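I opened the notebook to record what I looked up in this model, entry by entry.

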Amino acid sequence: MIISTLGGNGSLFVRHIGYFFLLILLFLSYRIDRLKSLVRHFVSVCCVLASLSLFFWILAILGVPMNSTLYINWASKYYAPIKGFLGLFYFSQDFTAFLGMYLPRNTAIFTEAPMCSFVFCLGLIFDMFIGDEENKHRLGWRQALLIIGIISTTSTTGIMIVILTLVANLFRTVKINPLVLVVGAVLSAFVLYAMWQIFLVKTTENSNSVSIRFDDLHAGVEAWLVHPFFGNGLENILAYLPFIQGYRVMDGGNSGFSSGALQILMTGGIFYFTWVIFIPMLRMFHRSRSYLFLALIFLTMLINTVIYDTFMMFFISALFYALTLRKKEVPVN
């Protein structure tokens with residue numbers, strides 16, 4: 001499964017070995033009550049990235065001349081120049097239409113805005129649902145900073161995650177009764193309507209991006225169904241290519257994939273998806289309402305973001321296992 005293609009170099013094998021070491025590390029962190037401290041450090045790093053990138057993002061909006069140039073070959077066969085400030089911050093993507101405005105896309109230290117948005121969203125949901133229990137319903141400065149950072153990436157997925165996170169935060173400790181169910185239904189309908197409007201705006205402003213994502217979903221399902229139980233091989237990440245629209249594989253087309261959940265299914269099948277995603281999420285569902293919302297929001301992010309073979313995905317999977325450990329009762333002599 002691991003080395004499944006002719007050109008496979010086994011690099012993914014190293015990542016999976018690292019996954020088990022992550023499990024051990026996080027288990028030990030749990031045992032010495034340092035796991036939440038580790039998560040808070042991750043959130044702090046996200047806040048530093050958000051604050052610094054927002055500073056330069058605002059400079060770009062104000063029209064301050066950029067004074068640095070970097071050449072990259074991301075998403076291009078040619079080395080394309082990108083502009084930035086002081087050799088510290090670069091805009092790896094162009095200005096874009098967003099909710100009726102024309103704005104630069106905040107990419108922080110990442111190669112594209114969706115990656116930046118994904119990390120900021122992780123920081124937000126970690127801080128919201130694994131943070132201090134005493135401040136469950138308050139929107140702290142770190143959460144506000146991360147929300148602004150997510151908005152600055154102009155990522156539609158990021159905006160939807162912010163809305164879902166804020167709504168989930170309202171309902172994670174409230175007692176369930178008929179009034180709560182009615183309010184929840186009304187609020188859910190409003191949230192769905194707001195998300196639909198955001199989707200319509202995105203479709204109008206960037207219809208090509210939306211059509212590509214729908215094509216990815218179709219191609220991902222088709223590739224998964226070829227070998228549904230054990231997948232097409234963990235390194236066969238291009239198994240979807242025969243199923244996408246032809247124009248996307250031509251010169252200048254966008255043949256990249258955008259669904260992390262379907263990428264896991266089509267490469268490792270139900271077997272791999274079960275122990276990396278399904279089991280740790282199921283454990284989260286049964287532990288607490290906060291962890292339930294955390295897992296559901298992460299799954300929403302995973303459906304629309306590719307992090308299949310990154311250490312970040314393995315860290316999150318191992319973290320979910322560690323968060324749901326239960327300490328054994330020590331018998332009293």
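**Conventions.** I am working from a predicted model, in which local features need pLDDT of at least 70 and side-chain atom pairs count only at pLDDT 80 or more, while totals for chains, interfaces and linings use all residues. Residues are numbered from 1 along each chain as its sequence is written, and side-chain values use heavy atoms, with hydrogens and water left out. Helices (H or I, at least four residues) and strands (E, at least two) are DSSP runs numbered from the N terminus.

**Helices α3 and α5.** I looked up how helix α3 (residues 113–129) sits against helix α5 (residues 156–171), and found an angle of about 5 degrees with the axes 10 Å apart. For these values, axes are lines fitted to C-alpha atoms, for helices over the stretch in contact, and angles run from 0 to 180 degrees between N-to-C directions. I therefore noted α3 as roughly parallel to α5, the classes being roughly parallel under 35 degrees, roughly antiparallel over 145, roughly perpendicular from 65 to 115, and oblique for the rest. On the α3 side the contact (heavy atoms within 4.5 Å) is made by Ser-117, Cys-121, Leu-124, Ile-125, Met-128 and Phe-129. On the α5 side I listed Gly-158, Ile-161, Val-162, Thr-165, Leu-166, Ala-168 and Asn-169. By class, the residues of this contact are nine nonpolar, four polar and no charged. Here Ala, Val, Leu, Ile, Met, Phe, Trp, Tyr, Cys and Pro count as nonpolar, Asp, Glu, Lys and Arg as charged, and the others, Gly among them, as polar.

**Helices α2 and α3.** I next looked up helix α2 (residues 35–61), which packs with α3 at an angle of about 135 degrees, the axes being 9 Å apart. That angle makes α2 oblique to α3. The crossing of α2 past α3 is left-handed, meaning that the near helix is turned anticlockwise from the far one by less than a right angle, whereas clockwise would be right-handed. From α2, the residues Val-39, Phe-42, Val-43, Cys-46, Leu-49, Ala-50 and Ser-53 meet Val-119, Phe-120, Leu-122, Gly-123, Phe-126 and Asp-127 of α3. I sorted the contact of α2 with α3 into ten nonpolar, two polar and one charged residues.

**Aromatic rings.** How many aromatic pairs does a search of the whole structure find? I noted eleven, where rings of Phe, Tyr and Trp (its six-membered ring) pair if their centres lie within 6.5 Å, and planes under 30 degrees apart count as stacked, over 60 as edge-to-face and the rest as tilted. Phe-56 has a relative accessible area of 8% and is buried, on a scale where buried means under 20%, exposed over 50% and partly exposed in between (1.4 Å probe, protein chains only). Phe-55 and Phe-56 also belong to one aromatic cluster with Phe-85, Phe-89 and Phe-91.

I then looked up Phe-129 and Phe-293, an aromatic pair that is tilted, at 6.5 Å centre to centre and 45 degrees between the planes. This pair links distant parts of the chain, with Phe-129 in helix α3 and Phe-293 in helix α9 (residues 289–303), 164 residues apart. Phe-129 counts as buried at 1% relative accessibility, and Phe-293 counts as buried at 18%.

**Positive phi.** Most residues other than glycine have a negative phi. Thr-154 has a positive phi near 55 degrees, lies in the loop between α4 (141–152) and α5, and is buried at 2% relative accessible area.

**Other single residues.** Ser-317 of helix α10 (residues 311–323) is buried at 3% relative accessible area, and I found that Ser-317 touches Tyr-19, Trp-275, Val-276 and Pro-280, not counting residues up to four places away in sequence. Leu-25 in helix α1 (residues 11–31) is partly exposed at 48%, and its C-alpha atom is separated by 9.7 Å from that of Leu-319, 294 residues apart along the chain.
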